[in-house]
Amino acid sequence: MVKDNILNIRERISSASSKIGVPTDSITIVGVSKNRAVSGIKEVIDCGIINIGENKVQEAFLKYNELKAKGVDGLKWHMVGHLQTNKVKEAVKIFDLIHSVDSVRLLEEINKEAVKINKIQDILIEVNTSGEKAKFGFNPDETIDAVKQISEFKNVNIKGLMTVAPIVDNPQFARTYFKLLRELKDQINTLHITHYTLHILSMGMSDDFEIAVEEGSNMLRLGRVIFDGIKNK
Ligand SMILES: *Cc1c(COP(=O)(O)O)cnc(C)c1O
């Protein structure tokens, strides 16, 4: 079941990426396994998905330890949900990439904890591309300034940008927000806001990942379409 879902997803990514002439293997699938049992995650891993996304630190920690105890190695752990400052200490211990950096205050905390364990923490800056009040993330027009500030912190490395598109009936309506994120990343790189180039665009979920790929996403965060097999709309 999960195996068929993943085969189907890979085909859909492949046809979306071929439209814009991007190699399929440059696009990373993060299997978002929040609320899923470890047995299910194990199935996903057996299909070759090694990037695992969670949205709660505590839940991630339990699964991280359980998989480790089962001898599963070589996974990359992604924090995709809102991160509270009081969870940063634990988060920095297990996550390879924190997608959801949405304030300079949070970043300060991440940097502080990373210093303590002598780690360079890879992060993405979350942008609230749609401006919805309920969403986390920097406003698009604050983003460049935030990136400038954040890139000065020694123990964090900004790898790119992340956004969560609004829930819409037609995934085509999400395109504007993906495009905005891509343009922001290009602008940051062109203006040399950081001393290094940002490569990652984390955008696209179960309902809109093909549109995200067409707009330049190279990191998809997929939950339901992997575990429940949402069909093409
Ligand atoms: C749950 C979640 C996902 C995966 O969503 P699906 O619609 O199940 O693919 C992706 N990103 C974030 C931030 C999430 O919380």
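This is a predicted model: local features need pLDDT of at least 70, side-chain atom pairs count only at pLDDT 80 or more; totals for chains, interfaces and linings use all residues.
Student: Let us begin with strand β1. Is it mostly enclosed or open, and why?

Tutor: Strand β1, residues 28–32, is largely enclosed by the rest of the structure, because four of its five residues are buried.

Student: Which strands pair with β1, then?

Tutor: One of them is strand β8, residues 219–222, which pairs with β1 in the parallel sense over four bridges. Strand β2, residues 51–54, also pairs with β1 in the parallel sense, over three bridges.

Student: How does the chain cross from β1 to β2?

Tutor: The chain passes through helix α2, residues 38–46, and this β-α-β crossover is right-handed.

Student: Now the ligand. Which residues surround it?

Tutor: The ligand is surrounded by Val32, Lys34, Val80, Met205, Ser206, Arg221, Leu222, Gly223 and Arg224.

Student: Where do polar atoms of Arg221, Gly223 and Arg224 lie relative to the ligand?

Tutor: For Arg221, a polar side-chain atom lies 2.9 Å from a nitrogen atom of the ligand. Gly223 uses its backbone: one of its polar backbone atoms is 2.8 Å from an oxygen atom of the ligand. Arg224 places a polar side-chain atom 2.7 Å from an oxygen atom of the ligand.

Student: And how much of the ligand does the protein bury?

Tutor: The protein buries 87% of the 390 Å² that the ligand exposes when taken alone.

Student: Changing topic: how many aromatic pairs are there?

Tutor: The count comes to two aromatic pairs. In one of them, Phe61 and Tyr64 are tilted, with 6.5 Å from centre to centre and 45° between the planes.

Student: Where do Phe61 and Tyr64 sit relative to each other along the helix?

Tutor: They are three residues apart in helix α3, residues 57–69, so about one helical turn separates them.

Student: What about the pair of Tyr64 and Trp77?

Tutor: Tyr64 and Trp77 form an edge-to-face pair, with 5.7 Å from centre to centre and 65° between the planes. This pair links distant parts of the chain, since Tyr64 is in helix α3 and Trp77 is in strand β3, residues 76–79, 13 residues apart. Through these ring pairs, Phe61, Tyr64 and Trp77 are linked into a cluster.

Student: Are Phe61 and Trp77 buried or partly exposed?

Tutor: Phe61 is partly exposed, with a relative accessible area of 21%. Trp77 is buried, and its relative accessible area is 3%.

Student: Which strands does β6 pair with?

Tutor: Strand β5, residues 121–126, pairs with β6 in the parallel sense over six bridges. Within that pairing, Ile123 stands opposite Ile158 in β6. Strand β7, residues 200–202, runs parallel to β6 and is joined to it by three bridges. There, Met162 stands opposite Ser202 in β7.

Student: Which helices connect these strands?

Tutor: From β5 to β6 the chain crosses through helix α6, residues 140–150, in a right-handed β-α-β crossover. Helix α7, residues 175–190, makes a right-handed β-α-β unit with β6 and β7.

Student: Where is Asp102, and is it buried or exposed?

Tutor: Asp102 is in the loop between β4 and α5. It is buried, with a relative accessible area of 13%. Asp102 and Ala146 are 44 residues apart in sequence and 9.3 Å apart in space, from C-alpha to C-alpha.

Student: Finally, what is the phi of Asn118, and what is that of His192?

Tutor: Most residues other than glycine have a negative phi. Asn118 has a positive phi near 55°, and His192 has a positive phi of about 50°. Asn118 lies in the loop between α5 and β5 and is exposed, with a relative accessible area of 71%. His192 lies in the loop between α7 and β7 and is exposed, with a relative accessible area of 63%.

How values were computed: Residues are numbered from 1 along each chain as its sequence is written. Side-chain values use heavy atoms; hydrogens and water are left out. Buried means under 20% relative accessible area, exposed over 50%, partly exposed in between (1.4 Å probe, protein chains only). Helices (H or I, at least four residues) and strands (E, at least two) are DSSP runs, numbered from the N terminus. Two strands pair if DSSP finds at least two bridges between them. A crossover is right-handed if, with the strands pointing away from the viewer, the path from the first strand over the helix to the second runs clockwise. A residue is near a molecule or strand if one of its heavy atoms lies within 4 Å of it. A polar contact is a pair of N or O atoms within 3.5 Å; within protein, one must be able to donate a hydrogen and the other to accept it, and residues adjacent in sequence count only if both atoms are side-chain atoms. Accessible areas come from the Shrake-Rupley method with a 1.4 Å probe; for residues, only the protein chains shown count as cover. Rings of Phe, Tyr and Trp (its six-membered ring) pair if their centres lie within 6.5 Å; planes under 30 degrees apart count as stacked, over 60 as edge-to-face and the rest as tilted.
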